[in-house]
Amino acid sequence: MKPSRGRLSAFALQVFLLLAFLAPQHAISQTFRGSIAGTVLDPSGAAIPAAKVQAIDVATGAVHDTTSSGSGEFTFSDLPLGSYTVTSSATGFGTVKVDKVPVSAGVVYTLPVTMALAQTAGTVEVSAAGLSLDTTSTTQTTLLPSTTVQNTPMNGRDFTQLIAITPGFAGYSAGGFGSVNGTRANQVNWQIDGSDNNDLWHNIPAVNQGGVEGIAGVTLPLDSIEQFSQQTQSGPEAGRNPGGTVNVVTKSGTNAIHGSVYYYNRNEAL
C-alpha cells in the first residue's frame, strides 16, 4: 500500500519543522561559566564585519580569538570566571582595548565596541567599568563572589546556607535547603560547575547533606568556591526543577602561586 501524497506532505512538513528546531540559533544560553558578547560598530553605528576580537584572561593569560560576523556580532562562550581584556582590530580602523571585563557565573556580559577610523597608529584603551550597564540579560542572577563566600558567618561552614541571603528566599522548611519565590524547598536545582548536585532520594543537595540511606556524606570546603550563583527562577537551559537554580563554581587557579591556611574550631566552650 503506497502512502498518499497528503501523508507525504505532512511527513515532509514534520521533518522540516524538526530540522528548523534543531538548527543553531543566534542566541546565548546561560551556562555555569560565563560569556562575553557584543557588536563591533564604526562611528556611524554601522556594523564592522570580519573584525578580529581577542579576549585574554588576566589571571592565566589564556587567549580566546574570534571574528565578528557580517552583522558585526561576536561571542565568547563558556569562559572561566575572572577579569578579561578584550581587544578589537580591523583594517582601516584603530585598535580598541577594553580592560576589566568581568565574566561571572551564568551571566552574559554585553560589550559594545565602537572603532574609530585609523588616523595614526595606536590603541584606544578604555575600562569596562566606564561603559553603560548591561540591560540585555533576561534572567535575574545573584552572584556572591569568593570574598563574600569566605567571610559570611555560617553554621558549620555549609555553602548551602548562602541561599538565605539571596533575593526570593522564603525561609527553610522540611525536605529541603531553603524555599525560593514560594516554591517548595526541595524544588531548587543545585549544581556544582554546571553538573547535577541533586540527591535522587530527597531531591536536595547531594553534597553537604551529611549522608542519606547509607550513602557517605561529602563536604565541599568554602575555600574551593569561586562564586555562588543563583537564578531566582529556573530557566529552560537548566530545567529539572521549577524553583530557582543554584550553581556553585569552583576555583580554576591562576598563574601565581597562592593558597590559604585556616583553622576551624567548634565546641561548647567557645
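## Strand β2 and its partners

In β5, Ile-56 has Thr-85 as its bridge partner. Strands here are DSSP runs of E, at least two residues long, and helices are runs of H or I, at least four residues long, numbered from the N terminus. β2 and β5 run antiparallel and are joined by 6 bridges. Two strands count as paired if DSSP finds at least two bridges between them.

β2 also runs antiparallel to strand β3 (residues 63-67), with 5 bridges. Gln-54 stands opposite Asp-65 in β3. The two strands form a hairpin with 5 residues between them. In the turn, Gly-61 has a positive phi of about 80°. The covered face of β2 holds Val-53, Ala-55 and Asp-57. Its uncovered face holds Lys-52, Gln-54 and Ile-56. In a regular strand, side chains alternate between the two faces of the sheet.

## Model and confidence

This is a predicted model: local features need pLDDT of at least 70, side-chain atom pairs count only at pLDDT 80 or more, and totals for chains, interfaces and linings use all residues. Residues are numbered from 1 along each chain as its sequence is written, and side-chain values use heavy atoms, with hydrogens and water left out.

pLDDT is the predictor's confidence in each residue, from 0 to 100. The protein chain averages 79, and 76% of its residues score at least 70. Over residues 19-30, pLDDT stays under 50. For that stretch the model has 13 contacts (heavy atoms within 4.5 Å) beyond four places in sequence. Where pLDDT is low, the predicted coordinates should not be read in detail.

## Whole chain

The protein chain has 2 helices and 13 strands. Of its 270 residues, 34% are buried. Buried means under 20% relative accessible area, exposed over 50%, and partly exposed in between (1.4 Å probe, protein chains only).

Take the contacts with a separation of 6 or more: residues 24 or more positions apart account for 61% of them. The accessible surface comes to about 15,700 Å² (Shrake-Rupley method, 1.4 Å probe). Carbon and sulfur atoms hold 57% of that surface.

## The β4-β1-β7 sheet

Three strands form an open sheet in the order β4-β1-β7, with mixed pairing. β4 (73-79) and β7 (107-114) stand at the edges with a single partner strand each, so one side of each has no neighbour in the sheet. Neighbouring strands are turned by 15° against each other on average, direction ignored. The axes are lines fitted to C-alpha atoms, and angles run from 0 to 180 degrees between N-to-C directions.

Strand β1 (residues 34-41) pairs with β7 in the parallel sense over 8 bridges. Leu-41 stands opposite Thr-114 in β7.

## Nonpolar cores

A nonpolar core is a set of buried Ala, Val, Leu, Ile, Met, Phe, Trp, Tyr and Cys residues joined through side-chain atoms within 4.5 Å. The largest has 25 residues. Those with the most contacts inside it are Ile-36, Val-40, Phe-74, Val-101, Leu-111 and Met-115. β1, β2 (52-57), β4, β5 (82-89), β6 (95-103) and β7 each supply at least two residues. β6 gives the most, with 4 residues. Apart from this core lies another, of 19 residues, among them Val-149, Val-180, Trp-190 and Ile-225.

Leaving out residues up to four places away in sequence, Ile-36 touches several residues, including Phe-74, Tyr-84, Val-101 and Leu-111.

## The loop at Ala-170

Ala-170 is found in the loop between α2 (146-151) and β10 (189-192). Ala-170 is exposed because its relative accessible area is 53%. Ala-170 and Arg-184 lie 14 residues apart in sequence and 9.6 Å apart in space, C-alpha to C-alpha.
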